[in-house]
Amino acid sequence: MPKHFFGSLLLAISLMVSASDAAPNVLLIVTDDQGYGDLACHGNPWLRTPNLDRLRDQSVRLEDYHVDPVCTPTRAALLTGRYCGRVGAWAVTHGRQLLKAGETTLADLFREGGYRTGMFGKWHLGDSWPYDPGSRGFDEVVCCRAGGVDEIGNPVGNDYFDDAYYRNGVAERFEGYCTDVFVGEAIRFIREQAKNAQEKPFFVYLPTNAMHSPFSVADKYADRFREAGLPEKRAKFYGMIENFDENLGKLLGSLDERGVADETLVIFMGDNGTAANSGSEGAFNAGMRGDKGTVYEGGHRVACFARWPAKLRAGTSVERLTSHRDWAPTLVELCGLPNTKGGQFDGISLAPLLLTGESIGWPDRTLVVERQAVHPRLGIGHDPKKGYPHYGVLTERWRMANGELYDHRADPGQTTDMSQDHPEVVQQLHASYRDYFADVYAEVEDDARFQVGVPESPRLEFTARDWRPTRGGVIWETDQLGRDDLFINGYWPLEVKQAGLYAIELSRYPFEAPRAMGADRVTLEIDGVEFVASLGAEATTARVEYSLPAGKVDFKARLRDAKTGRERGPYFVRIEPLNAPGE
């Protein structure tokens, strides 16, 4: 198979950043669910995005830039430079959003390179040690948990306004709208860093929660779109974009105020295609087919701008096929970071395209996008006999999606399936995917387990959004917790680092907002061994003291409904040692 396909090639170039040049600051901005067409500068007739438009004009634009079709896979691949399937974070729930503990992140590399690192916004790669952002190379963190500020696993009552987020792992109440808060914290970090006597450069990772559903924003941003006759959800979605644009102006202005704009590499991108249904009223998808979650072009082609006034030529466009996996090797090269990953990147450095605009020597690449909801080999919720997941294969000319073939040069809107006319191309691209699959999933080690009994994080908490389903699916929205007709279950894979006696608390509702569970019995099942205890129907939690063996165990629990006798899994679990680990 071609080596450039999977990742071990770092493109050699003659134009290198001199070692004597000061390392740039890096500001990496990732908006949630904002598609390529959700910017005025890309032709959207409804939006006003002057700061995004200005950033585009001042940047090198990657015009054939691709990510994964949903958020967690994109974040995992962006921060590691590797395919999401290789690093274990290829879905948004089911515990499959945990980035493998052994993976090196961009923040790790920047910290090793002498940078101060900060992360502000939506992480969505694991909330407990060793998956949380504070364990992945970031010196300072202000983030929401789970997949959005209002999802279960976050403090009760979060609704995008005046919410509680986690500062370095501790819940703290913030005033203001979520985007205002996360951008404000990034600005604070940049200002404080500019005062740092040690003159360390900074790496700021700013993955906003907006424009993720539920669409919510102050009326002053949405009213203009309501008055124009757009549906309510569309008005709020567009209002969220204009609020972000306003915040972007403040953020870029803070670089100017601190005199660091010329020495700061600003990267802006979306995490997947638009979430605001490209076929609904008021939609604009820049002529692309598909949106978030699909392997058609509109599901994974997004905006990407790179501005570095000291080095990059403003207003230039790159038309070659590029991806989010390319940024890790690119930043290693441009910032002189220690390359502890060696040749293990799945991306290749964009430095020659960014610095010179020349694509001589740029490979005719083949890239893969997948829509993985479950693992193809572990069989969690997936029958491998049914074949591969939804996938697309991309080259400079051809785009194959769901077995259909499109000539990207002649038909960028993917209107005419050419698979019958070019069966040899279809065969070649299918073969490329099979090679990719065999490589990326060659070693399937189910090591994304929740860690129990570790000094770094004695108390472990997890929720139903993290379980591997055994009946039904997962839930993540607060209003699903009280559904009496919902009887679902699953198990959580754990790794117990220290054998001992543990307090295990289970609840149907958040521990900080207790309600009667309506359960008369709790059953624990750990690797096939059951423990049963009676409950009063008014009990708000079930607490069990249980001796856990060291090693990998699968943890399952059931709450029996007092009225129906049916069982559901507890939606919230807390485990902590009754003796300190190591005693």
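Helices (H or I, at least four residues) and strands (E, at least two) are DSSP runs, numbered from the N terminus. The model is predicted: local features need pLDDT of at least 70, side-chain atom pairs count only at pLDDT 80 or more, and totals for chains, interfaces and linings use all residues. Residue numbers start from 1 along each chain as its sequence is written, and side-chain values use heavy atoms, with hydrogens and water left out.

**View 1. The largest pocket.** This pocket has a volume of about 960 Å³. A pocket is an open set of points on a 1 Å grid over the protein atoms alone, with protein on both sides within 12 Å along at least five of seven lines; lining residues have an atom within 4 Å of a point. Points are joined across faces, edges and corners, and a volume is the space filled by probe spheres set on them. The lining holds 48 residues, with D127, R145, G153, Y166 and E461 closest to the centre. Strand β18 gives the largest share, four residues. β5 (140-144), β18 (460-463) and β27 (572-577) each supply at least two. The lining divides into 21 nonpolar, 15 polar and 12 charged residues. Here Ala, Val, Leu, Ile, Met, Phe, Trp, Tyr, Cys and Pro count as nonpolar, Asp, Glu, Lys and Arg as charged, and the others, Gly among them, as polar.

**View 2. The second largest pocket.** Of its 22 lining residues, V92, E151, H212, K292 and W476 lie nearest the centre. Seven are nonpolar, eight polar and seven charged.

**View 3. The largest cavity.** In a cavity, a 1.4 Å probe fits but cannot get out. One cavity of 30 Å³ or more is counted. The largest has a volume of about 40 Å³. H66, V67, S323, H324, R325, L367, V368, V369 and L394 line it. Strand β13 (residues 367-371) gives the most, three residues.

**View 4. Model confidence.** Mean pLDDT (the predictor's confidence in each residue, from 0 to 100) is 90 for the chain, and 91% of residues reach 70 or more. Over residues 375-386 the pLDDT is below 50.

How values were computed:
Contact = heavy atoms within 4.5 Å.
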